[in-house]
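Have the structure open as you read.

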Number of protein chains: 2
Amino acid sequence: MYGWAGKILEVDLSNEKITETKLDEKLVRNFIGGRGLGVKIFYDRVGPDIKPLDPENLLIFATGPLTGTLAPTSGRHCVVTKSPLTGTIFDSQSGGFWGAELKFAGYDAIIVNGQAKKPIYLFVNDGKAELKGANALWGKGTHATTDAICKEVGDDKVKVACIGPAGEKLVRIAAIINDKYRAAGRGGVGAVMGSKRLKAVAVRGKGRPKIANESDFNVHVRECQKLIKENPVTGTGLPAYGTAVLVNIINEHGVLPTRNFQTGVFPTADKTSGETIVDTILVRNKACFACPIACSRITRVEGAEHEGPEYETIGMFGAQCGVDNLEAITKANLLCNDLGLDTISMGSTIGCAMELSERGKLNGPKFGDEKAIVELVQKTAMRDGLGEKLAEGSARLAKECGMPELSMSVKGMELPAYDLRGIQGQGLASATSNRGGCHLRAYMIGPEILGVPNLVERFSTSGKPETVIIFQDLVSTIDSLVLCEFTAFALETVQYAKLLSAATGIEFTDEDMMTIGERIWNLERLYNLREGFSADDDTLPKRLLEEPMPEGPSKGRVNMLSKMLPSYYSFRGWNSKGEPTKEKLKELGLA
Amino acid sequence: MYGWAGKILEVDLSNEKITETKLDEKLVRNFIGGRGLGVKIFYDRVGPDIKPLDPENLLIFATGPLTGTLAPTSGRHCVVTKSPLTGTIFDSQSGGFWGAELKFAGYDAIIVNGQAKKPIYLFVNDGKAELKGANALWGKGTHATTDAICKEVGDDKVKVACIGPAGEKLVRIAAIINDKYRAAGRGGVGAVMGSKRLKAVAVRGKGRPKIANESDFNVHVRECQKLIKENPVTGTGLPAYGTAVLVNIINEHGVLPTRNFQTGVFPTADKTSGETIVDTILVRNKACFACPIACSRITRVEGAEHEGPEYETIGMFGAQCGVDNLEAITKANLLCNDLGLDTISMGSTIGCAMELSERGKLNGPKFGDEKAIVELVQKTAMRDGLGEKLAEGSARLAKECGMPELSMSVKGMELPAYDLRGIQGQGLASATSNRGGCHLRAYMIGPEILGVPNLVERFSTSGKPETVIIFQDLVSTIDSLVLCEFTAFALETVQYAKLLSAATGIEFTDEDMMTIGERIWNLERLYNLREGFSADDDTLPKRLLEEPMPEGPSKGRVNMLSKMLPSYYSFRGWNSKGEPTKEKLKELGLA
């Protein structure tokens, strides 16, 4: 017996029908929960005939067996769908408190199907679910929406995941925002929610997940907390400076994407660093549910206190746009949260627009225009003026302007703030990511820059395919637990296995943790192949493959993807076209 | 019903008799556990006819209702006895893992009585206790003792609290060391253990404390962890730099005791700061049991890794002795841990000896002699040469040399590393401390220097008596829970009350938390009055009251104790002689 509630809520918006199903224990054994569970359900039910913004696309909110427990970072959830930005299967992970609250309400997952006739929202309250009209909420920002729902249902402890105007207007880089500041940010999942006319999912519960073996579980929780506290990244660096601790580190390695990845050195980067945040706008740290790290920052700009900005946001609105004004970046960040936009894709797309403008292909702002980054966020969310073009993301924008190579994206999704010319393994990870340009599918910055768990030569391709594969599989598992990837700085598979086994009462070995991750990774690959993706899509922007880095500590480098990709396929047990072999699929139970 | 094991182990060493008693729930309601429990038992059983090193002095090891649970910092224990340094009732608190392990073994407390005929140690193993010969351990350091016991009982998970040579030789500043690096450090509690010929108490258990209301408890635990993580001191400062974060802060306020408190400014203090530790000898952070702060440091000196040094140790072996060599300080610290000495009293006593030597009253080393601080630790523990004099502590040393005013102590115990001329409230707290010179009975450094919970003017006496009283009562409660005082940077009484109520199933309000603390404080006062202490003993070294600070940011200041003390007595509900009134005692149920 496992200890979670074991119920899945299925909501058909077209018919306003709500049903409940029991979670199959076999799914837990093979896919755990969260991303794995969502991907499995999605693969079985949504074929290539269904487009991302079709009513038949599913939007799955999923938690895992550890969600809502004392396990470190257990407040998270993930959203699985087909992405309107990439066309791939997609999952987007979010922190905060919403995931835990869904578990407290008695559900492990919500599958949303169909399209409502008019704007509505779903209210899940302690074992009951109902659809409520959202006409009055439509058009509102995520903050006002959250407040209005709490007021309407008369409970300020309700946790709200919702879209802003960007999602409503089907902006391809729209996010789903929960707890006002946490985002299932990437891939345009907010547009899928908007296409369903689902403004919000509000949850509230007073139940608590049952742990199969409470005494063992508490011992493991303490061990994990201790490891996290004693690790230099999770115990010191992130608490002290937040994710923005990376700004100076990445810049000093000459890999901070600057002016649409034209260089990796941004001389005034320190004006936007975590250290500067501490010295200027920081009010205090903030922690998500059950998180011993507390990397989030409460900051004060123009008299108001909000959360953020995170490193990726700073990189993309900062150096990528040639901007070193921390207040402008913070304002752009806040607007993205309120209007419901992905900060990475938004910042990168503005940077792309700036380069297109400098090259005379677009009538837009130039690099360094700190006013523009704030204005263009607003315009993109509203599809207003130039924003109409930016709302499609950088790949479509650059293509429309006749210079597709200026979109710094993979499979249509914008790359985050690492110039992959100076970090070979991260380049391979980004090219082979099942959801496009992404740092989270395998965070090679750990070994290649931070030296965690141990430092490897960042300019070398040697050993990178093997390491990328291990990280990709491990992260697939962590996303399925559902825990924060930052825990992996301090924990190993054995700790995850112990937590999961004690929580569920099902025995998982540390080897199981890797096998399950590999199973999920391969299933996602199968999905994308079924959609028509091929090895040709496992690539990087031409700039990173062909234009040597012009200056700084990574000067002269390009990413040597072609040296790594064949080995990657081979070590994956895939053929040379990047297709899983029958033997591999059989081994993983996916035949 | 409350959830702890509820058993007390009583060990009569004279007759080698071990008995068990059940803990009275009424004691829990009125005194919680830990310090409160120990003090109550001690007050009822040990009168003024019994001297600290008499067999009849009790040595009580006590945990609290939260020990061994998931409550933050719940691994601690405390030791209650009559101090051979001060002659007062005394409790000394220690971190690490030993306290939790005692709880796991099924006991809340151990009362040790009598004197063994030959060296022995107590082994408490999962509900059973036995006395074992310690002839082979006698003379060994605490590290070798710990290893030898683990080997002898064939279990490396055994937790050991033991004395080193210093305790065996009845050195008045000897500590009891647990988990190799954590100390019930102050007051010479190690000498009491030595007088009983009890080398060690080794504990091992596989049980887990029962929580009365697990679901509520887990919610409160998470809330506390969140508050601790988000607080700037416990979430950022202490994890990043450990307690040594204070070195530069205290020095910059001109209150870092330098050369036996002759001045408060040590120009090269930064060479011994927490920041310098991070840049030089730090290997990683370390956390005690269930601690979300992890302030301890693993450091490497001369190729070997050990824990420490903490701020007070650095202050006392550093500035107090005019030494700015971090490696020498770290070696002195390590020797204190291994030989079983209190670093504060040891460092301060060496500083006192240095001033006596400079004034021609003693044939000893002068200020700045970094070799001497290491050598004198060794000699003191062994009562060798000059060490024989230092082993009596600075008060007896200075008196013997004819300059008693050069001992920087209160009630015979050395003051920690804060010059009280520039911190008025901390001066009052130190003068009125029931266990002598101590920063922990009321850590006024929080409000007066760090601005936590809010900054008050450190040179002013206004409002200080009230604040000191609140802090003294609160700490009495925290010591009884038994939690780490650092939690009080982030938590308020309401959080402690919630944790305690959920764990025990007994309803405690936040007002109860303060009343219990006040009850304990008054009972300790009654004990000391019964021993012959009076208002005359509520004082500070003459230097701090009469010699203005010669330089720096606190220049010209003295501590204005006499302006604060009458109000303190009055606000305490005591008469002008510092004796609790009948009304106050009645109110507290102590009549």
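## Where the chains meet

Chain A and chain B bury about 2300 Å² between them, and carbon and sulfur atoms give 53% of that area. Keep in mind that this is a predicted model. In terms of contacts, the two sides are even, with 31 residues of chain A touching 31 residues of chain B.

## Charged and polar links

How many salt bridges are there between chain A and chain B? The count is two. Arg284(A) forms a salt bridge with Glu230(B), with the closest N and O atoms 2.8 Å apart.

What does chain A bring to its side? Helix H7 (214-230), helix H8 (232-241) and strand E13 (282-286) of chain A each supply at least two residues. The largest share, 10 residues, comes from H7(A). Sorted by type, the chain A residues that touch chain B are 15 nonpolar, eight polar and eight charged.

## The three-stranded sheet of chain A

E13(A) also belongs to an open, antiparallel sheet of three strands, in the order E13-E14-E15. E13 and strand E15 (304-307) of chain A are the edge strands, each pairing on one side only. On average, neighbouring strands are turned by 25° against each other, direction ignored.

E13(A) and strand E14 (residues 296-301) of chain A run antiparallel and are joined by four bridges.

## The six-stranded sheet of chain B

Over in chain B there's an open sheet of six strands with mixed pairing, ordered E8-E7-E12-E9-E10-E11. Its edges are strand E8 (128-133) and strand E11 (182-184) of chain B, and the twist averages 20° from one strand to the next.

Strand E7 (residues 120-125) of chain B pairs with E8(B) in the antiparallel sense over six bridges; Tyr121(B) has Lys132(B) as its bridge partner in E8(B). Helix H4 (residues 142-153) of chain B packs on the sheet, touching E7, E8, strand E9 (159-162), strand E10 (176-178) and strand E12 (198-204) of chain B. The direction of H4(B) makes about 135° with that of E9(B).

Note on methods:
Residues numbered from 1 in each chain as written. Chains lettered and ligands numbered in written order. Predicted model: local features only at pLDDT ≥ 70, side-chain atom pairs only at ≥ 80, totals over all residues. Heavy atoms only, no water. Pairing = 2+ DSSP bridges. Axes fitted to C-alpha atoms, helices over the stretch in contact; angles between N-to-C directions. Contact = heavy atoms within 4.5 Å. Buried area = accessible area lost by both parts, 1.4 Å probe. Salt bridge = Lys/Arg side-chain N within 4 Å of Asp/Glu carboxyl O. Nonpolar A, V, L, I, M, F, W, Y, C, P; charged D, E, K, R; others polar.
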